[in-house]
Amino acid sequence: QVQLVESGGGLAQSGGSLRLSCAASGGTLSNYNVGWFRQAPGKEREFVATINWSGGSSYYSDSVKGRFTISRDNARNTAWMQMNSLKPEDTAVYYCAARDAGSWSSSALMYDYWGQGTQVTVSS
């Protein structure tokens, strides 16, 4: 129903910034809540942030609160996550995901659509 493609990952220094993008196609992004998750090698997929269908509400994991900001532009069918004050422990593959706007969650199990992931590596 909707396809998601992440971009913007790469190598950053500790304390630096990256902006991840999540472009949607095949559907109208305003029909979906959007979440960002990350997964480091050998680790479980971890919730990072979520934003509701309109962008009026958002929620962050404690590990990124105050450093990351999730946003969306439904007219562009795109969501972003601005990542500031990066730390080496932020290194992971980052995924955007979508679920029906009628419900939102911090659980990966509740998301129906996933992007392919983009690698973020933070060096010290």
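Two strands count as paired when DSSP finds at least two bridges between them. Strands themselves are DSSP runs of E, at least two residues long, and helices are runs of H or I, at least four long, all numbered from the N terminus. With that in hand, welcome to the tour.

This is a predicted model, in which local features need pLDDT of at least 70 and side-chain atom pairs count only at pLDDT 80 or more, while totals for chains, interfaces and linings use all residues. Residues are numbered from 1 along each chain as its sequence is written, and side-chain values use heavy atoms, with hydrogens and water left out.

**Stop 1: the whole chain**

Show the chain as a cartoon. You will find zero helices and eleven strands, so the pattern along the sequence reads β-β-β-β-β-β-β-β-β-β-β by the DSSP assignment. The radius of gyration, taken over C-alpha atoms, is 13 Å, close to the 14 Å that the globule rule gives for 124 residues, so the chain is as compact as a globular protein of that length. That rule is 2.2 Å times the number of residues to the power 0.38. Along the principal axes, the C-alpha atoms fill a box of roughly 40 × 25 × 25 Å.

Now colour by burial, where buried means under 20% relative accessible area, exposed means over 50%, and partly exposed lies in between (1.4 Å probe, protein chains only). Buried residues make up 43% of the 124 residues.

**Stop 2: a four-stranded sheet**

Select E1, E3, E8 and E7. In that order, these four strands form an open sheet with antiparallel pairing. Strand E1 (3-7) and strand E7 (68-73) stand at the edges with a single partner strand each, so one side of each has no neighbour in the sheet. On average, neighbouring strands here are turned by 15° against each other, direction ignored; the axes behind such angles are lines fitted to C-alpha atoms, for helices over the stretch in contact, and angles run from 0 to 180 degrees between N-to-C directions.

**Stop 3: strand E8 and its partners**

Zoom in on E8, residues 78-83. Is this strand mostly covered or uncovered? Mostly covered: five of the six residues in E8 are buried.

Six bridges join E7 to E8, and the two run antiparallel. Pick out Ile-70, whose bridge partner in E8 is Met-81, then Arg-72, whose partner in E8 is Ala-79. E7 and E8 form a hairpin with four residues between them, and Asn-77 in the turn has a positive phi of about 55°.

Next, bring in strand E3 (residues 18-25), which pairs with E8 in the antiparallel sense, again over six bridges. Here, Cys-22 has Ala-79 in E8 as its bridge partner.

**Stop 4: salt bridges**

Turn on the side chains of Asp, Glu, Lys and Arg. A salt bridge here is a side-chain nitrogen of Lys or Arg within 4 Å of a carboxyl oxygen of Asp or Glu, and the whole structure holds five of them.

Start with Asp-90 and Arg-38, whose side chains meet at 2.9 Å, N to O. This pair links distant parts of the chain: Asp-90 sits in the loop between E8 and strand E9 (92-100), and Arg-38 in strand E4 (residues 32-39), 52 residues apart. Asp-90 is buried, at a relative accessible area of 0%, and Arg-38 is buried too, at 6%. Select Glu-46 and Arg-67 as well: together with Arg-38 and Asp-90, these residues are linked in a network of salt bridges.

Then move to Asp-62 and Lys-65, which meet at 3.6 Å, N to O. Asp-62 is exposed, with a relative accessible area of 66%, whereas Lys-65 is partly exposed at 47%.

Another pair is Asp-73 and Arg-76, at 3.9 Å, N to O. Asp-73 is partly exposed at 27%, while Arg-76 is exposed at 61%.

**Stop 5: Ser-123**

Finish at Ser-123, in strand E11 (residues 118-123). Which residues does Ser-123 contact, leaving aside its neighbours within four places in sequence? They are Leu-11, Ala-12, Gln-13 and Ser-14, with contact meaning heavy atoms within 4.5 Å. Ser-123 is partly exposed, with a relative accessible area of 32%.
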